[in-house]
Amino acid sequence: MSAATHQDGPKAAPGFLRRLLSSPSGAIGLAIVFLLIFCALFAEMLAPYNPTKMGAGGRFLPPGGDHLLGTDEFGRDMFSRILFGSRITLLIGAVAVGISLTIGLAVGMIAAFRRGWIEAILMRSTDVLFSFTETLIALSFVAVLGPSLQNAVIAVGVAGIPFYARTCYAAALVETAKPYFEASISAGAGPTRLVLVHLLPNVLPTMIVVATLGVSTAILAAAGLSFLGLGAQPPTSEWGYMLAGSRDYINRAPWLMTIPGIAIAMTVLGFNLLGDGLRSSLDPVERK
Amino acid sequence: MWRFLGTRIAMGAFTIWITTILVTLLIHAVPGDPVQIMYAQSQGTTPEQIEEVRRSLGLDRPIPVQYVMYMERLLQGDLGATIRGGQPVLEVILQRLPNTLLLACAAMFIAIVIGVPIGFLAAYREGTLTDIALMIVAIAGISMPHFWLGLMLLFFFALELGWLPVSGNGWLNLILPALTLGLSNAAIFARLTRSSMIDVMSQDYVQTAFAKGLPKALVLRRHVLRAGLLPVVTMMGLQFAFMMGGAIVVENIFSWNGVGRMAVEAIFQRDYPIIQGFILTFSVVVVCVAIAIDALYAVLDPRIRRS
């Protein structure tokens, strides 16, 4: 993220990957995330049963035998539901973070680049929104738009914007004060070039770390909304929604509760570890 | 110090003012006719009654007029009446708010009592197996969804072992929800405390203290602890807001009669006056706690206290 990174960005890539893989958290995180993407991509081929087909072989079958992770209250195969759930979960994470990251980057960079009253308006409104907390923003959005998975994802994405904008603003402010940036201005670079060629590539490492950790936060928040019944609706095999349904059968079929919970926790752990690993391999100070 | 606090209070007042505007606009952002939607669930409402409600809510006036009306009533402590039952919203909220605050405070206590010592121990033994093991536990704790932790605690302690009641509003009922919220936040405090302590320990004045040959325990107590805990105090304001947000989910698991459970019910019933009141109350509480934490911070940090 220093001027040096700026000059030899592309060449640094192989060393970066080696550093990421040599840190235990980065390696484990990457493995979990790859496994998830694999499950999501090939859910049709991997799943032994149709995830929404009822009565595939009896209700409340405990894990083992024909049904690796048992069946639920409608006789649906849990393993297949979890596999298809990974697709929904990754999509939730990607779309929500996409919303927060795109708008956050734009707001943060414009505020740091333009300064003056634009900066004041953008950053003060970010401060106000930030103090509302993400949960309240997300809940208000769902209250207005009505409960659905799509609205929950939009709500979580919008709720994340203030944090992304703040972080991007701080990172961009550091860059604009560096000699190379001033040199580009005196060399006659226009605003578009300054922002896209100089500012963006240099705030990106910070923002990639924030976004990776943000996938965890977004997945947790969306699963929480679905758990409350404010997100995914039946018969979606969304993990938070599956957990909510398990409450009624907590004594009879505890695996309905444990399995989706483990799935969410592992996914979130994967992105958290990957984010931690990325941070230490991208940060020249922590690199040592 | 007073200038520092004055800025924070002004900023908080500004936030609450913006909330009142957003809350008034909220009902207009609802796709379709909010009055129709609110009454869609109750049968036998005549068109005349719907018009009556529209008038009483002021929804037939221009938006700026509605805002002025809303503020006039708000300043008199009138948050409107609930759609179902017609009770005063303020009364409904004030009945439940103490429960939510109690839950959030209990959870905060648990989070600090567990999280800060763990973080301190990990920093003290930085790089050793103890440190690594504690930090693995912490990252696992952060990754665990609190609604899942809540269900697991409910399953083991209330259903399997039968030690604690499943739901209700007594003191025993507070234990499980407070643990659920507290444990997930303890992990955040542990990580923060650890990095903050390590940061302070590498400072020159601490190195000097060690170099003078002072015993480690003394250096930690006298020089590291106070400075290292400052970021933790700053974090408490934000954490409290998280707890209030987390309480929404946890209250629903344990049927704890707080404002979070009320808000989710109101969203399902499309009871917009309650939702508006909830958003306003939530931001007032969060702003007040943030100011209180800033005041505490100002007292603890001599650089601000003497400025």
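Start by selecting B:Arg191, which is partly exposed at a relative accessible area of 27% (buried means under 20% relative accessible area, exposed over 50%, partly exposed in between, with a 1.4 Å probe and protein chains only). Before moving on, know that this is a predicted model, where local features need pLDDT of at least 70, side-chain atom pairs count only at pLDDT 80 or more, and totals for chains, interfaces and linings use all residues. Residues are numbered from 1 along each chain as its sequence is written, chains are lettered from A and ligands numbered from 1 in the order in which they are written, and side-chain values use heavy atoms, with hydrogens and water left out.

**Stop 1: across the chains**

The term stands for a side-chain nitrogen of Lys or Arg within 4 Å of a carboxyl oxygen of Asp or Glu. Side chains of opposite charge can pair when their charged atoms come close. Helices are DSSP runs (H or I) of at least four residues, numbered from the N terminus. A:Asp276 is buried, at a relative accessible area of 16%.

**Stop 2: B:Asp131**

Now pick B:Arg194 and B:Asp131, whose side chains form a salt bridge at 2.8 Å, N to O. B:Arg194 sits in helix H8 of chain B and B:Asp131 in helix H6 (residues 129-143) of chain B, so the pair ties together parts that are 63 residues apart in sequence. Is B:Asp131 buried or exposed? At a relative accessible area of 3%, B:Asp131 is buried. Leaving aside neighbours within four places in sequence, B:Asp131 is in contact (heavy atoms within 4.5 Å) with B:Ala122, B:Arg125, B:Glu126 and B:Arg194.

**Stop 3**

Jump to chain A and select A:Arg124, A:Asp127 and A:Arg166, which are linked in a network of salt bridges. In the A:Arg124 and A:Asp127 pair, the closest N and O atoms are 3.1 Å apart. Those two are 3 residues apart in helix H6 (residues 116-132) of chain A, so about one helical turn separates them. A:Arg124 is partly exposed at 43% relative accessible area, while A:Asp127 is buried at 17%. Over all chains, the salt bridges come to 9.

**Stop 3: an enclosed helix**

Next, highlight helix H11 (residues 239-246) of chain A. It is largely enclosed by the rest of the structure, because 6 of its 8 residues are buried. Colour them in: A:Trp239, A:Gly240, A:Met242, A:Leu243, A:Ala244 and A:Ser246. What do the buried residues of H11(A) pack against? Their partners are helix H3 (24-41), helix H5 (78-114), helix H10 (191-227) and H12 of chain A, together with helix H7 (146-160) of chain B. At the start of H11(A), look for a side-chain oxygen of A:Glu238 that reaches to within 2.8 Å of the backbone nitrogen of A:Gly240.

**Last stop: the surface**

Finish on H3(A) by selecting A:Ile37, which counts as partly exposed at 34% relative accessibility. A:Ile37 belongs to a nonpolar patch on the surface, along with A:Phe34, A:Phe38, A:Leu41, A:Phe42, A:Met45 and A:Leu46. Such patches take residues with over 30% relative accessible area and no salt bridge, nonpolar side chains (Val, Leu, Ile, Met, Phe, Trp, Tyr) being joined within 5 Å. Together the patch residues have about 710 Å² of accessible area (Shrake-Rupley method with a 1.4 Å probe). H3(A) gives the largest share, 4 residues.

Conventions: Polar contact = N/O pair within 3.5 Å; in protein donor to acceptor, adjacent residues only side chain to side chain. Patch = residues over 30% accessible without salt bridge, like charges linked within 9 Å, V, L, I, M, F, W, Y side chains within 5 Å.
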